Number of protein chains: 2
Amino acid sequence: MPRGDAPLGVFDSGLGGLTVVRALRQALPRERIVYLGDTARVPYGTRSAETVLRYARGCARVLIERGVKALVVACNTVSAVALDMLRAELDLPVLGVVEPGARAAVGALGRLADAGGARIGVLGTQGTIASGAYPRAIGRLTTRVEVVGAAAPLLVPLVEEGWLEGEVPRLAVERYLAPLVAAGARVIVLGCTHYPLLAPLISEVAARLAGVEVAVVDSAVATADDVVAWIDDERIPSAPVASAPATLDVLVTDRPGSFQAMAGRFLGGTAPDVSQIDLAAQA
Amino acid sequence: MPRGDAPLGVFDSGLGGLTVVRALRQALPRERIVYLGDTARVPYGTRSAETVLRYARGCARVLIERGVKALVVACNTVSAVALDMLRAELDLPVLGVVEPGARAAVGALGRLADAGGARIGVLGTQGTIASGAYPRAIGRLTTRVEVVGAAAPLLVPLVEEGWLEGEVPRLAVERYLAPLVAAGARVIVLGCTHYPLLAPLISEVAARLAGVEVAVVDSAVATADDVVAWIDDERIPSAPVASAPATLDVLVTDRPGSFQAMAGRFLGGTAPDVSQIDLAAQA
């Protein structure tokens with residue numbers, strides 16, 4: 001049985017997974033968290049499934065060595081292409097973001113006033129879209145909804161560059177969203193943890209293209225709900241920390257540099273302390 | 001003394017260095033070339049100097065194991081931040097792209113009809129611009145020219161996405177070029193081997209912003225000239241291959257996939273055969 005006082009391990013290719021950490025800290029303020037962002041090898045979304053799996057194994061190993069009680073894969077690409085392998089290989093619970101995101105999308109579609117025949121659209125990296133993970137996950141929840149996807153490789157660099165508004169991100173978002181909206185998408189899943197920073201723009205552009213309300217779904221909160229459910233199911237005792245909020249350790253594989261400033265934006269608060277580790281030396 | 005029949009080793013973070021290979025094959029059609037694109041870890045330009053050096057050492061080791069007689073670092077970021085270390089550590093000639101690019105830029109400025117007080121502008125990755133390598137290299141050639149630089153991190157993803165024309169690349173290029181042109185740049189150095197694919201757009205936007213002719217400089221041809229000069233200086237016998245063009249071996253560290261199709265575009269001809277190697281296994 002997992003130790004209640006062990007931390008949760010969360011990893012992502014870079015910064016984006018901190019949006020999941022933010023949701024986890026709101027849902028579970030007494031849980032210690034160790035976060036690993038593989039900034040020396042970001043982005044994962046343009047790489048092959050084999051390479052993503054290899055990188056994900058390295059990240060998992062670092063967190064397991066730090067004694068985490070469960071792994072939260074806060075990266076859509078890893079969740080889409082490598083989750084089953086990680087679950088088969090590792091001896092601890094592994095939770096991803098695609099299943100919660102699919103559930104949130106189906107829920108959002110159900111809440112639309114006039115959703116007859118509407119589809120779910122997924123924006124994601126090339127790896128996530130090519131994997132078909134979202135259509136599969138949504139198909140396990142309902143067989144009555146069609147899913148359309150679009151790979152949007154420029155959105156991660158736009159977020160990393162901090163271009164969140166203005167003509168360049170607007171036109172890029174428009175170009176990626178147009179075929180989804182034209183195909184009848186009324187719910188857009190942000191299938192990459194970087195995209196929530198572009199959510200206001202995505203929401204505005206989708207509504208303008210569609211001429212009607214379009215729901216924009218971020219899987220961070222749904223993922224935190226999954227972690228809460230796992231903790232309840234396993235009857236893991238509450239982490240015996242003295243007071244909330246518990247510690248957050250942030251590890252990165254390249255020099256912290258601009259990561260630290262950006263990290264505050266993703267966490268929705270002050271910038272955390274960030275330490276660099278050498279992933280190659282751990283291999 | 002290097003063996004004349006040994007191949008030249010050329011490496012880059014990804015595809016871009018193939019523009020240098022193209023120039024090398026035109027200048028030296030009888031030389032065998034082994035090219036390595038580190039596609040599993042591209043891009044280098046956003047990473048710290050320490051990480052870039054570590055990755056560059058790994059690439060160099062692969063090529064040295066294949067018996068190359070010299071290394072051509074066809075990556076501006078590696079040339080800017082790691083060339084001196086590689087030269088100190090490795091027991092073979094190491095040629096970069098920054099020195100030839102600087103020379104080509106100074107030459108282009110001299111050829112402008114009315115260049116009094118004009119500056120040289122450099123577009124590059126964050127790593128290249130932060131290193132100050134271009135101002136240093138140009139300063140060794142002339143003390144009378146001021147250099148202004150702009151980091152342009154979105155241009156590599158735009159090229160990799162194949163968005164070479166249209167509003168998004170036009171606005172992004174405009175945003176990066178505007179401060180350079182406003183500062184008096186009349187020569188723009190393409191300080192990243194990805195950028196030549198955007199050269200027509202960069203040229204057009206720069207001329208429109210400046211209201212006068214602006215020279216756009218690509219270091220690929222100047223780099224090939226350096227390799228020719230080295231071969232002449234060292235009196236290396238011509239490679240005894242039966243006929244030109246000699247073989248080109250292309251290695252990548254992630255699955256070839258879309259690389260192969262894109263590679264033809266960079267080489268200006270047919271797509272080469274591409275093999276995947278495991279860089280981690282070589283470490």
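**A colleague's note on the two-chain model**

1. Let us start with a proline: P43(B) sits in the loop between β2 and α2 of chain B. Helices (H or I, at least four residues) and strands (E, at least two) are DSSP runs, numbered from the N terminus. The peptide bond from V42(B) to P43(B) is cis, with omega near 0°. In chain A, the bond from V42(A) to P43(A) is also cis, with omega near -5°, and P43(A) is located in the loop between β2 and α2 (49-65) of chain A. As background, most residues other than glycine have a negative phi, and most peptide bonds are trans.

2. A word on reading this note. The model is predicted: local features need pLDDT of at least 70, side-chain atom pairs count only at pLDDT 80 or more, and totals for chains, interfaces and linings use all residues. Residues are numbered from 1 along each chain as its sequence is written, while chains are lettered from A and ligands numbered from 1 in the order in which they are written.

3. How are the two chains related?

4. Now for the place where they meet. In chain B, 21 residues are in contact with 21 residues of chain A. On the side of chain B that touches chain A, α2, α8 (155-161) and α9 (167-182) of chain B each supply at least two residues. The largest share of that side, four residues, comes from α9(B). By class, the side of chain B that touches chain A has 10 nonpolar, three polar and eight charged residues. Because 100% of the interface residues of chain B are also interface residues in chain A, the copies meet through the same surface. Contact here means C-beta atoms, placed from the backbone, within 7 Å. Ala, Val, Leu, Ile, Met, Phe, Trp, Tyr, Cys and Pro count as nonpolar, Asp, Glu, Lys and Arg as charged, and the others, Gly among them, as polar.

5. Which order do the strands of the sheet in chain A follow? The open sheet has six strands in the order β4-β3-β1-β2-β9-β10 (chain A), with parallel pairing. At its edges stand β4 (94-95) and β10 of chain A, each with a single partner strand, so one side of each is left without a neighbour in the sheet. Strands pair if DSSP finds at least two bridges between them.

6. Some pairings in chain A can be followed residue by residue. Strand β2 (residues 33-37) of chain A runs parallel to strand β9 (residues 248-252) of chain A, joined by five bridges. Here L36(A) stands opposite L251(A) in β9(A), and V34(A) has D249(A) as its bridge partner. Then β9(A) pairs with strand β10 (residues 274-276) of chain A in the parallel sense over three bridges, where L251(A) stands opposite S275(A).

7. Chain B has its own open sheet of six strands, ordered β4-β3-β1-β2-β9-β10 (chain B), with parallel pairing. Its edge strands are β4 (94-95) and β10 (274-276) of chain B, each pairing on one side only. Helix α1(B) lies across β1 (8-12), β2 (33-37), β3 (70-73) and β9 of chain B, at about 170° to β2(B). Helix α2 (residues 49-65) of chain B also packs on the sheet, where it touches β1, β2 and β3 of chain B and makes about 155° with the direction of β2(B). Axes are lines fitted to C-alpha atoms, for helices over the stretch in contact, and angles run from 0 to 180 degrees between N-to-C directions.

8. Finally, a helix pair in chain A. The axes of α9 (residues 167-182) and α10 (residues 199-210) of chain A come within 9 Å and cross at roughly 50°. That angle makes α9(A) oblique to α10(A); angles under 35 degrees count as roughly parallel, over 145 as roughly antiparallel, 65 to 115 as roughly perpendicular and the rest as oblique. The crossing of α9(A) past α10(A) is right-handed. Residues making the contact include V173(A) and L177(A) of α9(A) and V205(A) and L209(A) of α10(A). By class, the contact of α9(A) with α10(A) has 11 nonpolar, no polar and two charged residues. A crossing is right-handed if the near helix is turned clockwise from the far one by less than a right angle, and left-handed if anticlockwise.

Note on methods:
Two residues are in contact if their C-beta atoms, placed from the backbone, lie within 7 Å.
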